[in-house]
Amino acid sequence: MRTRFLAIASLAVLLLAGSAKAEGLLIIANPSVKVAVPVSLSQVAAVYLLRVTAWADGRHIVPVNREATSAAREKFNAAVLQEDGATLAAYWNEMHFLGKEPPVVQESERAMLAFIQNVPGSIGYISASIAPVNVEVLAHVP
Amino acid sequence: MAGAANADGGYELGHGLDLGPFNIAGYSNVVAKLPTLEQKSLILDDLSLFVTGHFGRLVNPFAEAELAGLDILHGGHLIGDRGGGEVVLERFYNDSHLTDGVTLRLGKMLTPVGEWNQIHAAPLVLTTVRPAVTYRNFSEYATGASILYTDPNRHFPDLQLYYQPAGELSERPSSLAFHYYKAVEGAHVSLPLGLLDKIGFSFQQSKDVNGIDQSLYGVDFHYTIDRLTLQGESTFSDISNRGPIQARDAEWGIYTAASYALTDKWSAYGWYESFAERTASSTAHDVLIGLAYRPHPAIVFKIEYLQNLSGHPVNPTGLFASWSVLF
């Protein structure tokens, strides 16, 4: 009985983790960000790779990441940045030493959405199943 | 702006602490030096703090200061018997982002000669012992103006031009500096091959405080093939107005390194270097092998052995170990 329960629980966890990968992501920004939408994924990558650090109005860009173990970040790394997590971690450490701030980390969808709603100039991503309330949707990652 | 993230507990080791428009970060490096023929020591090699600020496109200040070379144990004596340690202003500048790709930098900065000098923080570089060619025969700093071009889409090479018209701001003490330069100008072109991979070309023209002119030409590379990473730098400096203690008209060096990721956390590495120092008539040939353990991207332990094969040694033969943290 206990073995069956564990098997069902494990399957449920796997399905939940998989759903984040399957349903796509929304690239979102604080309402203060005024850009033509949709923004291309290469433009989003340029922001997260710290090669562009200011919006057109001069406001500092604050890119936001999920924690390293999240399925959403894994999908974002693969689909938008097209790099593995270890390479990106090494790159952001180097960039930080060179004076460019790596993405801020928020550890849940709710925290990410709240951060983007509240911090001017911020950009992040959430699961496409989450309602993008009080934020600008810049792009959709299938 | 990013301060709100930290109000939510968003600190991540290696990414510093956000306080309003500022980010405060740093790194530490404790080194055990066990050279075969010299005194053994345990030193706080670096304790660095750097602050980045963002106030729009034109005002983005950056400052880095460090405590360098503080003896903890030296030849069996505790700190206090011998003292040591210097506080150094490493970098102090402002970046103005003139366009998405063009930045004007004014102040004291690291010169882009090769890759190592720019990212010399111990947690970011391959080995505890730094190859001589990565710092010995050029000005590591420039105090003046620089233009940086960075292609947002990585289709074109990155470029940096820099110019120092007079002396170095907050000159380093003689225990840390090999030469003092009063005029420096140069350029670096970097062809990106990947996120970390690149080929770079450097040029630097300088005049030191003794009036010796130097023209440096350099090439560097960083290339990853699956678990294997190859990197290296080579420079050649043509020295005119040869000084009285010089044995050569040119100073040159080359190092090539390889590291192999054994697991996600463990890696084996090594480098070979030849360095022809201006004051030595024989060329040093050194080989180094080591092992690194990285429990976190911002923390690394290294242990390595360096052997001087021939020539006047630049780095001593012996065992070296370090523990470094980017915080």
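Q: Which residues of helix 5 of chain A are buried?

A: A residue is buried if 20 or more other C-beta atoms lie within 10 Å of its own, exposed if 12 or fewer, and partly exposed in between, with C-beta atoms placed from the backbone. In helix 5 (residues 109-118) of chain A, the buried residues are A:Met112, A:Leu113, A:Phe115 and A:Ile116. Viewed down the helix axis, the buried residues of helix 5 of chain A fall within an arc of 160 degrees, so they line one face of the helix. The arc is that of the directions from the helix axis to the C-beta atoms. Helices (H or I, at least four residues) and strands (E, at least two) are DSSP runs, numbered from the N terminus.

The model is predicted: local features need pLDDT of at least 70 and side-chain atom pairs count only at pLDDT 80 or more, whereas totals for chains, interfaces and linings use all residues. Residues are numbered from 1 along each chain as its sequence is written, and chains are lettered from A and ligands numbered from 1 in the order in which they are written.

Q: What is the strand order of the open sheet in chain A?

A: Two strands pair if DSSP finds at least two bridges between them. In chain A, an open sheet of five strands has the order 3-2-4-1-5, with mixed pairing. Strand 3 and strand 5 of chain A are the edge strands, each pairing on one side only. Neighbouring strands of this sheet are turned by 30 degrees against each other on average, direction ignored. Axes are lines fitted to C-alpha atoms, for helices over the stretch in contact, and angles run from 0 to 180 degrees between N-to-C directions. Within the sheet, strand 1 and strand 4 of chain A pair in the antiparallel sense over five bridges, and A:Ala29 stands opposite A:Ile123 in strand 4 of chain A.

Q: Which strands does helix 5 of chain A touch as it packs on the sheet?

A: Two residues are in contact if their C-beta atoms, placed from the backbone, lie within 7 Å. Helix 5 of chain A touches strand 1, strand 2, strand 3 and strand 4 of chain A, and its direction makes about 150 degrees with that of strand 4 of chain A.

Q: Against which elements do the buried residues of helix 2 of chain A pack?

A: The buried residues of this helix are A:Val44, A:Ala45, A:Ala46, A:Val47 and A:Tyr48. They pack against strand 1 (25-29), strand 2 (62-66), helix 3 (71-81), strand 4 (122-127) and strand 5 (136-141) of chain A. Just after helix 2 of chain A, A:Leu50 takes a positive phi of about 65 degrees.

Q: How many residues do strand 12 and strand 13 of chain B have between them in their hairpin?

A: Two residues lie between these strands, and B:Asp226 in the turn has a positive phi of about 55 degrees. Strand 12 (residues 213-225) and strand 13 (residues 228-239) of chain B pair in the antiparallel sense over 12 bridges; B:Asp220 has B:Glu233 as its bridge partner in strand 13 of chain B.

Q: How many residues does each chain give to the contact?

A: Chain A gives 32 residues and chain B gives 32 residues. Helix 4 of chain A gives the most to the side of chain A that touches chain B, with eight residues.
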